[in-house]
Amino acid sequence: GCKRMSEINDIAAAVVADMNGAPSGAFSQPFTAVLAYLPQYELADMKILHVTVVPKGVVVQPFDRGACQYDYAIDVAVQQKLASTDPATIAPLMSLVDQVADFFRLRRLTNYPSAIWARTEHPHLYAQEHLEQLRQFTSVLTLTFRVIR
């Protein structure tokens with residue numbers, strides 16, 4: 001039968017490693033991605049750009065006789081306190097989110113090559129309430145990596 005596996009933590013760590021090991025120029029702004037089990041939306045210093053990788057969940061289903069398909073969802077949160085909510089201030093952060101999405105498209109994770117990118121979801125471009133109440137840009141991508149075994 002199909003078992004739920006704790007490998008989601010290894011996959012999330014591999015996502016962090018690939019971003020932090022990306023070639024120069026892959027992203028328009030420098031950052032160090034960190035692994036967290038809860039996204040920290042009220043970090044002490046939000047003026048610097050935060051990229052947080054959070055294991056989200058797994059969907060397991062039969063693949064064929066004797067094999068199972070594991071779809072691991074990993075959230076990547078891009079957050080920064082803004083000097084203003086001017087579109088010119090927000091645009092570079094939106095671009096960065098797009099670059100992260102592009103970076104993982106069709107990627108096999110370096111440290112977890114059996115995990116293959118399956119899809120990227122970005123239902124809310126940014127959290128409007130964070131922008132209104134905290135003057136903070138928060139955007140969350142959900143990356144899904146598939147393992148079959």
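Predicted model: local features only at pLDDT ≥ 70, side-chain atom pairs only at ≥ 80, totals over all residues.
Visitor: Is L49 buried or exposed?

Guide: The relative accessible area of L49 is 12%. Buried means under 20%, so a residue at 12%, as L49 is, counts as buried.

Visitor: Which residues is L49 in contact with, leaving aside its neighbours within four places in sequence?

Guide: With neighbours within four places in sequence set aside, the contacts of L49 are Q29, P30, F31, V78, Q79, Q80, L93 and L96.

Visitor: How many Å apart in space are L49 and T32, C-alpha to C-alpha?

Guide: In sequence, 17 residues separate L49 and T32. In space, the C-alpha to C-alpha separation of L49 and T32 is 8.6 Å.

Visitor: Which accessibility class does R149 have, and which does E7 have?

Guide: R149 has a relative accessible area of 38%, and the value for E7 is 7%. Buried means under 20% and exposed over 50%, with partly exposed in between. R149 is therefore partly exposed, and E7 is therefore buried.

Visitor: Which strands hold D71 and R119?

Guide: D71 and R119 form a salt bridge, with the closest N and O atoms 3.6 Å apart. This pair links distant parts of the chain, 48 residues apart: D71 belongs to β3 (residues 67–81) and R119 to β5 (residues 112–121). The strands are thus β3 for D71 and β5 for R119.

Visitor: Which residues do salt bridges that share partners join into one network with R119?

Guide: R119, which is partly exposed at 34%, also forms a salt bridge with E121, the closest N and O atoms being 3.7 Å apart. Through shared partners, salt bridges join R119 into one network with D71, E121 and R146.

Visitor: How many salt bridges does the count come to?

Guide: The rule asks for a side-chain nitrogen of Lys or Arg within 4 Å of a carboxyl oxygen of Asp or Glu. By this rule, the number of salt bridges is 7.

Methods. Residues numbered from 1 in each chain as written. Heavy atoms only, no water. Buried < 20%, exposed > 50% of the residue type's maximum accessible area, 1.4 Å probe, protein only. Contact = heavy atoms within 4.5 Å. Helix = DSSP H or I, 4+ residues; strand = E, 2+ residues; numbered from the N terminus.
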